[in-house]
Amino acid sequence: MELADIVAGLNEPVRIQGGGTRGVFGPEPVLSTAGLSGITLYEPGALTLVAQAGTPVTEIEAALAAEEQQLAFEPADYRALLGTSGESTIGGVVAANISGPRRIQAGACRDFLLGVRYVDGRGQVIKNGGRVMKNVTGYDLVKLMAGSWGTLGVLSEVSLKVLPKPEAVAVLGMPVTQVSAAVQMLSAALKSPFEVSGAAYDPELGQALLRIEGFADSVAYRIGQLQRELSAYGEAAQIEEPEETWRAIRDVGRFEDKEGDVWRISTKPSDAAEVAARLEAKNLLLDWGGGLVWALVDAGSDIRARLGEFDGHATLVRAAPETIQTLGRLQPEPEPLASLTRDLRRKFDPKGLFNPGLMG
Amino acid sequence: MEMPQPNPDVLARKHRVLARLQQVLPEDAVIHDPAETRAYECDALTAYRCPPMLAVLPSTTQEVSDVLRICHEEGVPVVPRGAGTSLAGGALPTADCVILGVARMNDVLETDYDNRFIRVQTGRTNLSVTGAVEEEDFFYAPDPSSQLACAIAGNIAMNSGGAHCLKYGVTTNNLLGVKMVMMDGRVVEIGGAHLDSGGLDLLGVICGSEGQLGVVTEATLRILRKPEGARPVLMGFDDNEVAGQCVSDIIKSGILPVAIEFMDTLCIKACENFAHAGYPDCTALLIVEVEGSEAEIDDQLSKIIEIAKRHNPVELRESQSAEESAKIWLGRKSAFGAMGQLNDYMCLDGTIPVSSLPEVLRRIGELSEDYGLPVGNVFHAGDGNMHPLILFDANKPGDLEKCEAFGADILKLCVDVGGCLTGEHGVGIEKRDLMSHQYTPADLEAQMAVKDVFDPQWLLNPAKVFPLDVSEARRVAQMAAE
């Protein structure tokens, strides 16, 4: 049955699901997009790929790898972190705007999303954007759909900008014991002209980490330059297994088998040390040069109360359903933003069918 | 191009509206003398002109809020204006509107290199944002050709691009936050120095909404460290198709140049006369620029030149000095001005899949013959963002209409091959009535629903973006409500 017909026939709320790997729960029944699968267009010479929403991310990554290209926003795999199973789909990645460590250099999922096709709450098929890299024709509903967690419509097709896969990758690690010192070092690296594509701090490892990607000679040159420029902060040495290192940061592997709630906080990098101090976390992981703080805290902790006013937002990624129910998954918005969001949802989904409660 | 009739009730209230605006703004910030409001009668789409009822030039967000609150209460349409460089008529007034110009709001509010952002008032020009961070070797990446004059406010409204966005993205990819005044005068802050939204991406939909959702008064922009160096290479080909194939091969090779620009014969000649950049005499010219250290540049350019050689170029020349590079870019960025010396022109910016370049260029050539109007092509080839410049004579009766019909055919062609009407200039009034060629009624309804939420009375920048017949019910409702 066509997705649009299914939605048009709905009278009760549904939970929209891609691969079910992101830990979203909510009403039954589930409306799955798994049946909408397959790459519909891939032009390596134009750096564009169009796929149906239910296409597994692994299928897309394999097709891109065959042409030495990739999804530059580095979608994370949270299955181990959240204890979920199933296959992550591209529609799910887009709906949650999932971006990895390369976000700071290349951009977020929303920055690579060129077009969408979705079914709104009336069962109408809507398209916005397209498959070209520059498009300002009408309002950018593409960005609005990215990160809307299915609450505005059910994605059926997405088109993405893709990028060449770098020929070489190298990682520098520097021993650091303080969050503030780590962020200063990462910031110095990100202020350099050497195109750092990952900047993280793992307190448990006691290492601040930098990633450099590109052609082999260029990577070697930039590694050398960074080691020199950062010598005031300490000694930076190359680390083995760069891919594994960054996959663990991307997927927050550090928290996988540890008890507690997981929060994800986006903030101004130079505020990271203050944010980290207020969290009373059992464990921390910093990415995006300090602008992304992952925190493992005691179950049920109200992190937003501890943070108070700050430049950014805190998302509850992993907790018991009751905790998510009580605290809310997403940072509550101040007025009039909350009304704008609510009114937009009402326009797109007048019957309140899609993932009610997920975005407040 | 049709514009709606001015609302006589609004015109009748002119004096009351003027008096109220004068109460909240300094005397020199309210322009009401018809001799002076005429200065705001058009933007860079000069074929269409209409003096506004009034114009205001506030200096603070509070003043913008006061103006909008009053206009909201009085039911007066407001047309926001940056520097008035829109090629799409984005700032074209209606006779019953108040022009809200942000030109006096041009301060830098905060510069933060550790967190790599700058916060500015939006009347500031694009180039002077880079100017404010240049001494620390930083820059603001989006670089529209009008960057010397155009304001950040307009860049945000149109989601402007530029030659170097193949690598750095367009405005929306470099905008971190805004302070915006809604039509009813409420001030909202969205985003900031942190990345991404915790809720719906309202910033994403505001950017590119052509001043129809609110007036952005402050912007937090991402700034980047300048690369160590940059160098362009010129490649001449005697065939458009071959040049297009070369672009595709470069992209496929894994190198991501910071810019790949294309010019055809007519543009090459006009730009060469203007800038003396040493452009070769050929059918299709590519300017490909890469960045990095000297050694990195050498390495990338040698790979690119190797690819180009497989396509039998008639010219292949690396820039030898910073002066030569500057001349090469001056020529490219002066293309519109240089073409303007030949005749009046209309500039389009439809975007197409890169693979369709040869076909689209061939069809544009055929249409040029059919219409009897010459067309020059200069565009961002790396991302398929075309810029056909149709030459016509504004003083020759019928020429403008013929030019517009030709332009519409080109844009429909762009849509039909899988592209879009506009890649970086915006819809404005220029492409408004072609929107139905790209979008279904339901698609347009979904976009208009967003405006319904932000500006329920449809007072902000009316009669733009959406075809007049499509938006009519909403605009009529606004008039009837008064």
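Two strands pair if DSSP finds at least two bridges between them. I count helices (H or I, at least four residues) and strands (E, at least two) as DSSP runs, numbered from the N terminus.

I note that this is a predicted model: local features need pLDDT of at least 70, side-chain atom pairs count only at pLDDT 80 or more, and totals for chains, interfaces and linings use all residues. Residues are numbered from 1 along each chain as its sequence is written, while chains are lettered from A and ligands numbered from 1 in the order in which they are written.

**Entry: a sheet in chain B**

I looked up the strand order first. In chain B, an open sheet of 5 strands runs S5-S6-S10-S8-S9, with antiparallel pairing. S5 (108-112) and S9 of chain B are at the edges with a single partner strand each, so one side of each has no neighbour in the sheet. Neighbouring strands are turned by 10 degrees against each other on average, direction ignored. For such angles, axes are lines fitted to C-alpha atoms (for helices over the stretch in contact), and values run from 0 to 180 degrees between N-to-C directions.

I then checked one pair. S6 (residues 117-121) and S10 (residues 215-222) of chain B are antiparallel over 5 bridges. B:Gln121 stands opposite B:Glu218 in S10(B). Helix H5 (residues 126-133) of chain B packs on the sheet and touches S5, S6 and S10 of chain B. The direction of H5 makes about 130 degrees with that of S6(B). Contact here requires C-beta atoms, placed from the backbone, within 7 Å.

**Entry: B:His380**

I found B:His380 in strand S17 (residues 375-380) of chain B. It has 25 C-beta neighbours inside 10 Å and therefore counts as buried. The cut-offs are 20 or more other C-beta atoms within 10 Å for buried, 12 or fewer for exposed, and partly exposed in between. Leaving out residues up to four places away in sequence, B:His380 touches B:Ala163, B:Leu166, B:Glu261 and B:Asn385.

**Entry: a hairpin in chain A**

I looked at S15 (residues 283-287) of chain A, where 4 of the 5 residues are buried. Antiparallel S16 (residues 292-297) of chain A is joined to S15(A) by 5 bridges. A:Asn283 has A:Leu296 in S16(A) as its bridge partner. The two strands form a hairpin with 4 residues between them, and A:Trp288 in the turn has a positive phi of about 50 degrees.

**Entry: chain A overall**

I counted 14 helices and 17 strands in chain A. The radius of gyration of chain A is 21 Å, close to the 21 Å of the globule rule for 360 residues, so chain A is as compact as a globular protein of that length. That radius is taken over C-alpha atoms, and the rule is 2.2 Å times the number of residues to the power 0.38. Of the 360 residues of chain A, 57% count as buried.

**Entry: where the chains meet**

I list 74 residues from chain B and 69 residues from chain A in the contact. H18(B) gives the most to the side of chain B that touches chain A, with 9 residues.

**Entry: the core**

I found 274 residues in the largest nonpolar core. Such a core is a set of buried Ala, Val, Leu, Ile, Met, Phe, Trp, Tyr and Cys residues joined through C-beta atoms within 7 Å. A:Ala295, B:Val98 and B:Leu286 have the most contacts inside this core.

Conventions
Two residues are in contact if their C-beta atoms, placed from the backbone, lie within 7 Å.
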